[in-house]
Structures are given as structure tokens and as C-alpha cells.
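Work through the exercises below with the sequence and the model side by side. Each task is followed by a solution in steps.

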Amino acid sequence: MITKRIIPCLDVRNGQVVKGTNFVGLKEIASPVELAKAYSKSGADELVFYDITASSDGRDLFTDVLTQTAKNVFIPLTVGGGIRTLKDFDRVLKAGADKVSVNSGAIADPSLIAKAAKVYGDQCVVLSVDVKRVNGQYRVFAKGGREDTGLDALDWIKRGVESGAGEIVLNSIDTDGVKKGFDLEMLAAVCEITSVPVIASGGAGCIEDFITLFKRLPKVDAGLAASIFHYGEVSIAELKQEMLKNAIPARIVKE
Amino acid sequence: MTVIVDYGVGNLFSLSCSLNAIGEEVLISSDPQVIEGAERIILPGVGAFSDAMEKLRASGVVQALTRAAKRGVPILGICLGMQLLFEKSFEYGEHEGLGWIEGEVAPIPAKGLKIPHMGWNSLSFGEKKHPLFAALQEGDHVYFVHSYAGVNCDKYVIARTEYGGPVTAAVANGNVLGCQFHPEKSGEIGLCILKTFCSFKEGDL
């Protein structure tokens with residue numbers, strides 16, 4: 001049976017892993033390559049690397065980190081952050097990414113999804129969406145959650161999937177960093193309208209949050225989190241064991 | 001040394017990294033002579049079947065692969081590379097493949113399930129485990145990303161997975177092998193499979 005995926009997310013700035021709360025107050029943590037190796041060993045099913053540097057020096061450092069990771073870690077790697085053109089796709093795919101996640105770049109140029117899907121295949125294009133409730137509507141935010149685009153999230157996701165996005169990462173800004181659990185209501189709304197895999201992001205604080213996610217929303221394919229894994233608050237190996245105990249299909253890595 | 005066939009389709013970087021990690025020397029080549037003379041061959045591939053076959057034919061690689069296959073050189077097709085081994089595919093029309101595995105490539109009939117079949121799924125080997133999977137156990141997980149799969153190929157199937165019904169996960173016909181999943185992205189289990197493949201020599205299978 002296909003397993004539910006557990007995905008640690010590494011925000012990388014100037015070659016270091018960072019994680020903030022509600023997208024602000026960034027704090028540097030550790031070497032991304034070492035962290036990636038450790039996660040792979042403990043049973044992470046996939047890794048997401050977000051490039052949150054603005055400078056071109058930082059971008060080069062990021063590409064190096066990615067290549068070093070691809071040489072040492074043999075699970076799927078998704079890359080996001082600063083992806084605006086097909087050239088950006090090309091750069092990160094050549095450096096070792098398997099999938100590329102678009103967010104603000106697709107909002108600025110919605111044709112990017114279709115163009116990339118045509119060249120690299122639907123399976124390669126991940127649509128990452130930062131969503132916040134505004135006046136009772138799920139609203140898409142851009143630029144790391146700072147800018148309200150006015151777009152309705154469900155419409156935007158539908159359009160993205162029609163254009164060729166092969167996977168959706170739904171990040172609830174409302175629950176991000178709060179550690180009180182995933183945004184089940186928002187996720188249920190998205191699962192209702194899409195036929196491609198959905199990755200839940202934002203809000204996990206403990207193992208139980210993942211169990212609740214997969215039990216309550218069987219259509220969700222994966223759970224993504226960052227700081228709880230980085231700070232060791234949740235061990236992926238223990239999480240996987242707990243999933244199995246709760247009859248949630250999970251892949252266990254033997255030591 | 002293993003030659004990875006480069007025909008402009010797919011990302012060869014991860015594959016060569018994973019082979020390097022198990023200590024295998026790798027040559028990425030599109031030269032028919034190099035391919036024909038290879039010790040072992042991996043045929044990768046991501047993308048559309050018809051484009052891939054066209055590129056293989058246009059570059060003269062098909063003849064080189066055919067001669068190597070006849071000589072008994074171990075050949076491993078991965079993902080689309082595996083699908084190319086079949087007689088034909090129904091992806092966007094009907095297209096002729098290499099024809100080394102009797103059967104066709106058709107959409108996964110996963111009613112109500114998400115397509116592509118993407119993620120980690122378990123392998124079952126049936127009664128007799130193929131040497132390629134010697135180091136694996138029933139139920140080990142590997143990473144899949146595909147919307148089409150091999151059908152009507154029962155006698156060549158060496159591993160299946162389950163996705164709304166049995167799905168062909170790996171095939172073998174003598175020295176010609178194919179994995180629908182990505183061993184290069186399947187963690188330690190995947191590296192084990194590649195290591196076993198790289199232990200095969202001409203005439204072993």
C-alpha cells in the first residue's frame with residue numbers, strides 16, 4: 001500500500017538552515033547537508049529545500065548545498081524559493097532537485113506552471129500556496145506570506161492543477177508556527193477540489209498532530225514540517241512507529 | 001563500469017550520484033559505440049514515451065542497445081526507461097517500443113485514486129525472488145512516480161506493487177531488466193538494488 005509521506009522542510013539562507021515563527025524572526029540552525037543526511041537515515045520520505053536568500057551569492061551557495069545533498073541523500077528532493085522562470089527550473093534540476101516548487105513566481109506569471117509541466121512533466125511541478133483567511137475567504141498570499149494577492153485559494157489551486165501542477169503544498173499561514181495542529185478545515189476544502197497529491201504544511205507541533213491529520217483527512221498524502229524536526233521535538237522514526245500503530249501506512253527505515 | 005544512456009531525456013544527475021555512492025564507475029554517454037561496448041547499461045528516462053523512442057532511434061542508440069542486449073550485457077531500464085522495453089505504449093496514441101518485454105504500457109487503472117501514482121509503495125516478489133532483489137525483503141518500500149504501467153506481461157513480472165490493484169513494479173527477460181520505480185531515489189533499499197545490478201556481468205543472467 002502507498003504510504004503517507006513525512007517531509008521535513010529546510011529553509012536555507014546563506015548556506016544555513018533557518019526556521020521562523022509566522023515567517024518572521026529567523027534563526028539559524030545547522031548545516032543543511034548534515035541535517036538532510038540525518039533525516040534520510042531516520043526515515044524522512046522526501047526533503048524540501050526552500051531558498052530564502054535574496055542575493056546572487058546566496059543563490060550560488062544554495063545550489064552548492066543542493067548538489068552536496070544530492071550526492072549524499074537518495075530520496076526525492078524538492079526545491080522552492082525564487083523560482084520565476086524555466087531557467088530557474090533548469091538550474092535547480094541540474095543541481096540535483098527532482099521536483100520544483102513554485103509559489104510567488106507562478107502568481108507573477110501563471111503561465112510558468114504550464115510551461116514547466118510541458119518541459120519537465122507534471123510530476124516535476126509542485127504548486128506551493130500560502131493561504132490565510134481574510135473575511136471568511138481562503139486568500140493566497142505571496143512573497144513569503146507578506147502580500148495579500150486577492151486571489152481565492154481554491155480557484156488558484158484549481159487553475160494550477162489544470163495547468164499541470166502535479167502536487168499541491170498547502171501552507172496555512174493561520175496555523176504556521178503555532179504548533180497547535182494542521183489546518184484541517186482548510187486542507188479538507190483543498191482535498192475536495194483537487195485530484196493531485198496534497199501535502200499539508202503549517203501547524204504541526206507533536207506526533208499526535210500528524211496522526212490526527214491522516215486519520216481525519218485520508219485524502220492528504222503527506223505532512224510537512226520544519227522546526228519540530230530541526231529542534232528534535234518530533235523524531236521521524238518515532239512518528240513513523242506511531243503511524244503504524246494507528247494503522248496509517250508508513251515506510252520504516254531499518255537502522 | 002556502467003554506462004548511463006544519455007538521450008536528452010530526464011535527469012541523470014541523481015542516478016550517477018547514487019551509482020558513485022555505491023562505488024560504481026559511471027559513464028554518461030550518447031555514443032552508440034560506447035553503449036554497445038558497455039559492461040552494463042542503464043536506460044533512464046522521464047517524460048513522454050513517443051519523444052523518448054524517437055530520440056533513441058534518431059541517435060542510432062537502438063541498434064547499439066539491441067546488439068548489447070543480444071550479447072548478454074545486463075541492461076536496466078528505469079521508469080520510462082523500463083516502459084521503453086515493452087512492445088508498445090498507449091501513452092498519447094499508440095507507439096512502438098523496443099519490444100524486448102512482451103506486453104504493453106497502459107494507464108494505471110486506479111479507480112478513484114490519485115494519478116500519478118507518486119510516493120513510496122511496497123514490493124511483493126511472488127514465489128521466486130529474482131536475483132536483482134536478493135538483498136530485499138517482501139514489503140520493502142521504493143519510490144514511484146508514474147501514470148502508466150506495464151500490462152499483459154505476467155511471465156516477465158519480477159515485482160509488483162499495489163495501487164487500486166496489482167501494478168507491475170519490475171520486469172525481467174534474461175539480461176534485460178526494468179524497474180518502474182526509481183532505485184536512485186529509494187534510499188538504502190534503492191542503493192541495494194543498484195549495487196546488485198552492478199554486480200551482474202555479461203552472460204550472468
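**Exercise 1.** Does A:Asp148 count as buried, partly exposed or exposed, and at what relative accessibility?

Solution. This is a predicted model, in which local features need pLDDT of at least 70, side-chain atom pairs count only at pLDDT 80 or more, and totals for chains, interfaces and linings use all residues. Residues are numbered from 1 along each chain as its sequence is written, chains are lettered from A and ligands numbered from 1 in the order in which they are written, and side-chain values use heavy atoms, with hydrogens and water left out.

Step 1: buried means under 20% relative accessible area, exposed over 50%, and partly exposed in between (1.4 Å probe, protein chains only).
Step 2: A:Asp148 has 34% relative accessibility, so A:Asp148 is partly exposed.

**Exercise 2.** Locate the salt bridge between A:Lys37 and A:Glu34.

Solution. Step 1: the N to O distance for this pair is 3.6 Å.
Step 1: helices (H or I, at least four residues) and strands (E, at least two) are DSSP runs, numbered from the N terminus.
Step 2: both residues belong to helix 1 (residues 32–42) of chain A, 3 residues apart, about one turn of the helix.
Step 3: A:Lys37 is partly exposed at 33%, and A:Glu34 is partly exposed at 47%.

**Exercise 3.** Describe the backbone at A:Asn14, B:Tyr92 and B:Pro116.

Solution. Step 1: most residues other than glycine have a negative phi, and most peptide bonds are trans.
Step 1: A:Asn14, not a glycine, has a positive phi of about 50°. A:Asn14 sits in the loop between strand 1 (5–13) and strand 2 (16–21) of chain A, and is partly exposed at 41%.
Step 2: B:Tyr92 also has a positive phi, near 50°. Its loop runs between strand 5 (86–89) and strand 6 (95–96) of chain B, and B:Tyr92 is exposed at 66%.
Step 3: the peptide bond from B:Ile115 to B:Pro116 is cis, with omega about 5°.

Methods
Salt bridge = Lys/Arg side-chain N within 4 Å of Asp/Glu carboxyl O.
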